[in-house]
Amino acid sequence: MSVFLKLDRVCKQYDEKTAVLIGVDLAVEPGESVAITGPSGCGKSTLLNIIGTLERPDAGTLEFAGTNLLTLSADETAEFRNRRIGFVFQLHHLLPQCSILENVLVPTWVNQQAVDSEARALRLLDRVGLSERLHHRPGQLSGGERQRVAVVRALINQPQLLLADEPTGSLSRDGADQLVQLLLELNREEKLTLIMVTHAQPLAEKMDRVLTLENGILKPE
Ligand code: ADP
């Protein structure tokens with residue numbers, strides 16, 4: 001199978017004393033689900049942010065579907081990110097004053113290619129069991145429901161890659177299991193490549209592949 005995402009010798013350091021990533025290599029195939037685990041502070045979020053073009057590495061290469069992302073201009077990078085990559089974080093970051101439906105549609109406001117977004121939003125919200133909550137505000141939903149809204153918002157522009165950074169970190173154990181189950185179902189149904197950072201080993205093991213970040217390098221388990 002072809003490689004969809006490729007990192008070679010990616011390095012990142014924030015200060016002179018400590019290098020966070022010292023040569024990360026990673027090749028992900030289309031449609032794969034990959035977990036990245038490792039102790040707190042080992043650089044998992046840094047790595048995910050580099051893959052998602054939110055941060056730039058100091059050295060190394062980052063290729064996505066044949067495009068060398070580090071050669072794009074800032075505007076091209078932002079457009080690429082908005083259309084190709086979805087993000088889910090530990091905290092949902094929903095806009096409290098907007099309805100669930102409005103929250104889900106926010107990423108389409110800056111996507112000029114977006115068509116039939118409202119129909120897609122309604123379909124996905126129905127898919128995650130929230131069709132009765134379209135006009136509620138985030139504060140009226142449970143933690144698990146809010147994370148499901150964040151997942152739908154991440155998928156609204158039909159990204160090829162979903163990056164999830166401790167998406168279950170604020171949920172109960174049952175809520176966490178259900179959210180990971182949902183991510184894996186969407187990974188299959190939407191032909192979505194999924195990379196999830198988690199320090200919960202049982203959740204990581206549900207993915208196709210588990211990698212551990214240790215001493216600045218990514219290793220298979
Ligand atoms: P993890 O996600 O595994 O907990 P992080 O990627 O958040 O780890 O952080 C890795 C290390 O880099 C930590 O020591 C953290 O303090 C440091 N770090 C992360 N982001 C920054 C930043 N923007 N500026 C300076 N140091 C940072």
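Analyst: Serine 33 lies in strand β3, residues 33-37. Helices (H or I, at least four residues) and strands (E, at least two) are DSSP runs, numbered from the N terminus.

User: What kind of model is this?

Analyst: This is a predicted model: local features need pLDDT of at least 70, side-chain atom pairs count only at pLDDT 80 or more, and totals for chains, interfaces and linings use all residues. Residues are numbered from 1 along each chain as its sequence is written, and side-chain values use heavy atoms, with hydrogens and water left out.

User: Is serine 33 buried or exposed?

Analyst: Serine 33 is buried, with a relative accessible area of 1%. Buried means under 20% relative accessible area, exposed over 50%, partly exposed in between (1.4 Å probe, protein chains only).

User: What does the side chain of serine 33 reach?

Analyst: The backbone nitrogen of aspartate 208, at 2.9 Å. A polar contact is a pair of N or O atoms within 3.5 Å; within protein, one must be able to donate a hydrogen and the other to accept it, and residues adjacent in sequence count only if both atoms are side-chain atoms.

User: Which residues is serine 33 in contact with, leaving aside neighbours within four places in sequence?

Analyst: Leu184, Asn187, Leu194, Met207, Asp208 and Arg209. Contact means heavy atoms within 4.5 Å.

User: Which way do β3 and β9 run?

Analyst: They run parallel, joined by 4 bridges, and β9 covers residues 209-214. Two strands pair if DSSP finds at least two bridges between them. Isoleucine 36 stands opposite leucine 211 in β9.

User: And where does β8 come in?

Analyst: β3 and β8 also pair in the parallel sense, over 4 bridges. There, isoleucine 36 stands opposite valine 197.

User: How many residues of β8 are buried?

Analyst: 5 of the 5, so β8 is largely enclosed by the rest of the structure. Thr193, Ile195 and Val197 point one way, while Leu194 and Met196 point the other way.

User: How does β7 pair with β8?

Analyst: In the parallel sense, over 5 bridges. Leucine 161 has threonine 193 in β8 as its bridge partner. The chain crosses from β7 through α6 to β8, and this β-α-β crossover is right-handed. That term applies if, with the strands pointing away from the viewer, the path from the first strand over the helix to the second runs clockwise.

User: Tell me about α6. What span should it have?

Analyst: At 1.5 Å a residue, the 17 residues of α6 (173-189) should span 24 Å, and the end C-alpha atoms are 24 Å apart, which agrees. The expected span is 1.5 Å times one less than the number of residues.

User: What do the buried residues of α6 pack against?

Analyst: β3, α4 (117-127), α5 (143-155), β7 (161-165), β8 (193-197) and α7 (201-204). Among those buried residues are Leu184 and Asn187. Both are in contact with serine 33.

User: Back to β9. What does it form with β10?

Analyst: A hairpin, with 2 residues between the strands. Asparagine 215 in the turn has a positive phi of about 50°. The two strands run antiparallel with 4 bridges, and β10 covers residues 217-220. Leucine 213 stands opposite leucine 218.

User: New topic. What is the strand order in the open sheet of 4 strands?

Analyst: β2-β1-β4-β5, with antiparallel pairing. β2 (19-28) and β5 (67-68) stand at the edges, each with a single partner strand, so one side of each is left without a neighbour in the sheet.
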